[in-house]
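Open the viewer and keep the selection panel at hand. We will go from stop to stop, picking out one part at a time.

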Amino acid sequence: MSHRGNLLLIILVLILSLATGASADKDMDLLTLPWEEIEELASGQTVHIYMWGGNNGTNIFIDQWVAPRLKERYGITLERVPVTDIREMIMKLLAEKQMGRHTGSADILWINGENFRLAMEEGLLWAPFTYILPNYIRYVDPSADDLNMDFGKATEGYEAPWGKAQFVMICNSAFVPDPPETMEELAGFIKAHPGRFTYPSPPDFTGSCFVRQVLLDRSRSSAPSCQGSQNDLPPDRSETWDFLNRLKPYLWRKGNTYPETIGILDQLYANGEVWFSMNYNPLHAFNQISQGSFPESSRTFLFRGGTFSNTHYLTIPFNAKSKAGAMVTINLFLSPEGQIEKLKPGVWGDGMVLDPAKLDTRQRKDLEKIGSGPSSLPHGILAQNRIPELSSEEIESIEKEWMEQVGKK
Amino acid sequence: MGKNKAVLLVLPALAAVGILFFGGIFHGLLQSVGLAPLTGDAVFTLGNYRSLLFSRDFWISLSITLRIALLSTSISAALALFGLYSLFLIRIRSTRDRSIYFQRCFQVSMLFPYIVAAYMIFLMFTQSGWIARIFFNLGIISEMHSFPIITNESFGWGIILAYVWKTSPFIIILLYPVVLRVEYGWIEAARILGAGNWRIFLEILLPMMKGPLETASFIVFAYTFGAFEVPFILGITYPKTLAVYSYQIYSSGNLADQPMAMALNMVILGVILLAGTIYYHTIRVYNGRSDRP
């Protein structure tokens, strides 16, 4: 290449870098604009939302409820991109960040927990945008710890709460007429009916949560003051492992193996091989009965003292192309109508993140109308029994220790 | 020129395979020795391999993976030979060769992906599965729980079953051309010399099949040794096969563990390469180039 060519190249690179620098500044300016101007900017944009595609109800809600309203009201085209594990998208963003790519493919990501922690630590998220969303300001309780802490990591406005999930137990009332209310009662039942209970092996998400429920119960029995809240659990977990190992001979397959995934446990439950299942979606039993997979006699129950719950969020990556469009979209997700629609069991049944006290009377009436029959628990009971999740570091350490202390034995 | 054109035509496919396949392996190799970290600085280390060598879990996983792969391969090859013998009988029964249709029937299981095969085996053979229910309703077993445990047990019978079901038709396809090469004249000659069907199969067909059978068995071994989905669904919590163990490390949530998973993948690849080398140098070279059917 000639010298002249080199010079041209340098000038080109300079212009390009100036242009990208300017666009990054312009993105930050978005946060200071009045909301109406953001809506105007968003008009005509295409927003790509990357999300786990494994739940049909969720997909239909996005495609048939959210997308048409966005198009009609704001002129935004919403493209849903299903992924099997959002972790892959985080890895892609990490690579794009290292290569300095300023225009990525995703505008919104659906994440929480360790993926959020990872994205924050690596600077993959855009900015504290939630504080300017009108529906966030109007309807979300800004001091709610279960929204502001995502598996122990402060959200700092980098992700907007979208929904809530809570761990519940499921049993077949034909065989288990009185669902156990404590871990001790459950253990008693298991010993009296060998082979009818098991849990998915951690790191399966649901199985891991069952182990945390045992840990919480054991910690409370030795230290009643323990609330189960962040880092309140004693570091010595031996009593939990003893408890689980003592149960082992009475588990399905005598505890020689555990279902690898919650899907396998559900299959065993549907076949009647075991009498219990569990899930992180409180309406799972209702949904499975509607699909004809679970017996009609399935019931959902909680442990006295509460079960773990977590919040899931929507966030905007640092290199999103349609940031204004992404904010307007997330704002619609946070609207009372969007949240109440999502809560309906036939739609998705995902928990609401808005503060019911901030809704108007008509909206509260809509909320009360939502029911889901005898197989699931009322929203009020669930809400009173929520315990925020542990930190993702602690969960990881529990999962590894379970494998050493219980899984291998 | 003609040769150049052929090279040109094959180039796109070759490039895709080269970049995606070897690129992936190369990146994995770099990660396993610390040269392609996701975060932080690149520092060369063999620490991941060292900790694998000193880990008891690794050796247990290696031995069960070897056991499953070797058993699946041998059972599958034996079953395939049995199938080929029956195809041979069908072929020589009449001058109108019907073996081709039966051979098609054997291919049915090849239509299913491995993950579907694994799930089908689970649904059919688990203690509350279809077969257990049929036995129970026929009164063959008095309780569902007395059905033998086939899936998710420590030996890996469920995994072997799934592999045999999937791979024996593959061996049959590779070896079937040998059956087609048998000419009626040979059979008549052998009959005159007093040989029965079984002897004809053993002394004429089997030697012709030896080469392709070895190749097919090696492919089956390489696949069953490294595959993930079947042991993931039909295996047990501990010990796991190497691929599932690697996945467990990879998906544990901690980025720092990922190079270890890559090291494990490199070991899987290494074992397959080693088996390939041994196969090439002992069996193939020893036989000369007799494996062209």
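## Stop 1: the two domains of chain A

The centres of domain 1 of chain A and domain 2 of chain A, taken over C-alpha atoms, are 29 Å apart. Domain bounds here come from an automatic or database domain assignment. Colour domain 1 of chain A as 34–164 + 310–376, and domain 2 of chain A as 168–309 + 387–407.

A note before you go on. This is a predicted model, in which local features need pLDDT of at least 70 and side-chain atom pairs count only at pLDDT 80 or more, while totals for chains, interfaces and linings use all residues. Residues are numbered from 1 along each chain as its sequence is written, and chains are lettered from A and ligands numbered from 1 in the order in which they are written.

Now look where the domains meet. In chain A, 16 residues of domain 1 are in contact with 18 residues of domain 2 (contact: C-beta atoms, placed from the backbone, within 7 Å). Which helix gives the most to the domain 1 side? Select H5(A): it supplies three residues. Helix H5 (113–121) and helix H7 (145–148) of chain A each supply at least two. Helices are DSSP runs of H or I with at least four residues, strands are runs of E with at least two, and both are numbered from the N terminus.

The domain 1 side has three nonpolar, eight polar and five charged residues. Ala, Val, Leu, Ile, Met, Phe, Trp, Tyr, Cys and Pro count as nonpolar; Asp, Glu, Lys and Arg as charged; the others, Gly among them, as polar.

## Stop 2: where the chains touch

Show both chains. 16 residues of chain B are in contact with 18 residues of chain A. The chain B side has five nonpolar, 11 polar and no charged residues.

## Stop 3: chain B

Chain B has 12 helices and zero strands. Its C-alpha atoms fill a box of roughly 75 × 75 × 35 Å along the principal axes.

## Stop 4: a helix pair

Select residues 157–181 of chain B, helix H7, and residues 197–226, helix H9. They pack at an angle of about 150°, with axes 9 Å apart (axes are lines fitted to C-alpha atoms over the stretch in contact; angles run from 0 to 180 degrees between N-to-C directions). That makes H7(B) roughly antiparallel to H9(B), a term for angles over 145 degrees.

Finally, show side chains. B:Phe170 and B:Leu174 are among the H7(B) residues that meet H9(B), whose residues there include B:Met208 and B:Leu213.

Definitions and conventions
Contact = placed C-beta atoms within 7 Å. Parallel < 35°, antiparallel > 145°, perpendicular 65-115°, else oblique.
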